[in-house]
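Work through the exercises below with the sequence and the structure open beside you. Try each task before you read its solution.

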Amino acid sequence: MVNQVQRGDGTLSSRSDSSAASASGGDSSKESSRCSTPVLDADRTDRLRYKMRRRMESGDHWFSLEFFPPRTASGAVNLISRFDRMGSGGPLFIDITWHPSGDPGSDKETSSMMIASTAVNYCGLESVLHLTCCNQSKDNISRHLSKAKHLGLKNIMALRGDPVGSDWEEEEEGFNYAVDLVKHIRSEFDDYFDICVAGYPTGHPEAHSYKEDLIYLKEKVAAGADFVITQLFFRAETFLKFEEDCRPSGSPCVCVQGYQSLRQLVKLSKLEVPEEITRVIEPIKDNDAAIRNYGIHQALEMCRVLLDSGRVPGLHFYTLNREVATMEVLRQLGMWQEDPRRPMPWAVSAHPKRKVEDVRPIFWGSRPKSYIYRTQDWDEFPNGRWGNSSSPAFGELNDYYLFYLKSKSSKDALLVFEVFTCYIAAQPNRKGHKVMCLPWNDEPLAPETNMLKDELEKVNTRGVLTINSQPNINGKPSTDPIVGWGPPGGYVFQKAYLEFFTSSENVNALLKVLKKYEPRVNYHIVNVHGRNLTNAPDMQPNAVTWGIFPGREIVQPTVVDPVSFMFWKDEAFALWIEQWAKLYEDESPSRMIIKYIHDNYFLVNLVDNDFPLDSCLWQVSPPDTEGC
């Protein structure tokens, strides 16, 4: 569970295995870990401590989620997908544990540092990074903290950590207690980080007494901790007594998911499982489904007692990197709140330096993590308008490869046109497999794209291989469940947009048709070799999405920028080879077909500027000049 503290005495919060723990903070807007849009929220009091305080003042309960770094790169990819799914339920924050044996401060994709950075920068989640002082020098700890700050991490859970052997060994060049780590963070980084510390509802296993451990906890708070997360517990009354002894405070609970995971948690936490739980679990220890159902029941009972007490503002779940049990508990508690409203048409990063960003090129609409990665070294981010992307104020669009950008494309489909068509139609291919994603679109179609489904399906069968599109919108409410974004009470607008690969024969036919539609339709056509055809005036950006909101300036979050398109071109063509062709053997027919498309096709984008009228892009799209 998580509780906010007033520096010097404090509020507490607690943790449980796949568990719920309670917490505090919030306002009536139901803030979650998702980063809010800066331009649409000028008062950026978005520190975690402030979010907790607002939630406590408004009486809104919240939840948070704990994860640990996986051992493998594929496990990291799966965990990040889980962040996206579980982040949609509205956690106030997530936290990532520190695993000393896993090189936690490194740039490895499985390190604690990189997993937490990914959650903040690419998933837009408020994140807390655990940091232990076990086997670490003061200089090493300072380097980790500096790196965390550079990566946009704003919250640290300061822990002593478990000894490598059976007994703790003194750190001559480092710290021996969490309170010393808290003091060091405040001394070296002032008030930059919000600091969390651990509390123990039954007392730390190494403490001489429960009362002595409470004194140590108050010392950590007095040293500068902002809130406390407690160790797991199995009975609600355990936490409620602890909360009363600590005043003010919060609370956790346990949701058992499997016998082995329960044994491991008990071993790590050095707690005893109550006899009434052991008596139920032992006979079903080989049946994970039965144990999970029992764990869900127990967690629900404990959570309800804690929340009904009026002394627990939130729940913290130790997920064990699983989602089913935790999500089920939260749904039954009525705390899982999937908000269909989007602060922006694209995924927002939670990195502090991107807080003013409110404009992006449309090309990375289906690959937002790639865009964030490619722009991570920018010194400034566009705010209000895109401007000229060739300006030195905008950093270079650099290499885009990262482990979590790997495509999930399937190897089963053989005919390229069929792959695209089956993806659009959400129909099985000739082998009975559904095409759920493409190298350019890592997820199933967005609801907005489904508005164009029939037209997209037709053009893809004719060799117009679409990778991005949006319908024209003329003044839909910002609360519209499909195309809405931003705060309520506004209206959103869009120009029709279509982006696709197609053959040189189709491009020749398209150029003849486009002459009839100028200046209504802007086009940009380029191949992998850099042949470049466009009617964009002076290579200026073209706003294709904008919104009007009460008391705000017009917000235009998406543009078609000719300069950026040339950088996107390199990535888009490379995906044919790096994430599709390499699925097949050298010289195989499938690989040769894909390579031919890469070498000979053009990438095209079209914008219909006359958004109040029905889109003309389907009339402009080239006819089939080559067949399948």
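**Exercise 1.** Find where L320 is placed, and decide whether L320 is buried or exposed.

*Solution.* Begin with the secondary structure, in which helices (H or I, at least four residues) and strands (E, at least two) are DSSP runs, numbered from the N terminus. L320 is found in the loop between β8 (314–318) and α11 (324–333). Next, turn to the backbone, where phi of L320 is near 60°, a positive value in a residue other than glycine. Finally, L320 has a relative accessible area of 12% and is therefore buried, a word that means under 20%, whereas exposed means over 50% and partly exposed lies in between (1.4 Å probe, protein chains only).

The model is a predicted one, in which local features need pLDDT of at least 70 and side-chain atom pairs count only at pLDDT 80 or more, while totals for chains, interfaces and linings use all residues. Residues are numbered from 1 along each chain as its sequence is written, and side-chain values use heavy atoms, with hydrogens and water left out.

**Exercise 2.** Locate N135 and describe its phi.

*Solution.* Then read its backbone angle: phi of N135 is near 55°, which is positive although the residue is not glycine.

**Exercise 3.** Determine whether the peptide bond from E518 to P519 is cis or trans, and locate P519.

*Solution.* Start with omega, which is near 5° for the bond from E518 to P519, and this bond is cis. Then locate P519, which lies in the loop between α16 (504–514) and β14 (521–527).
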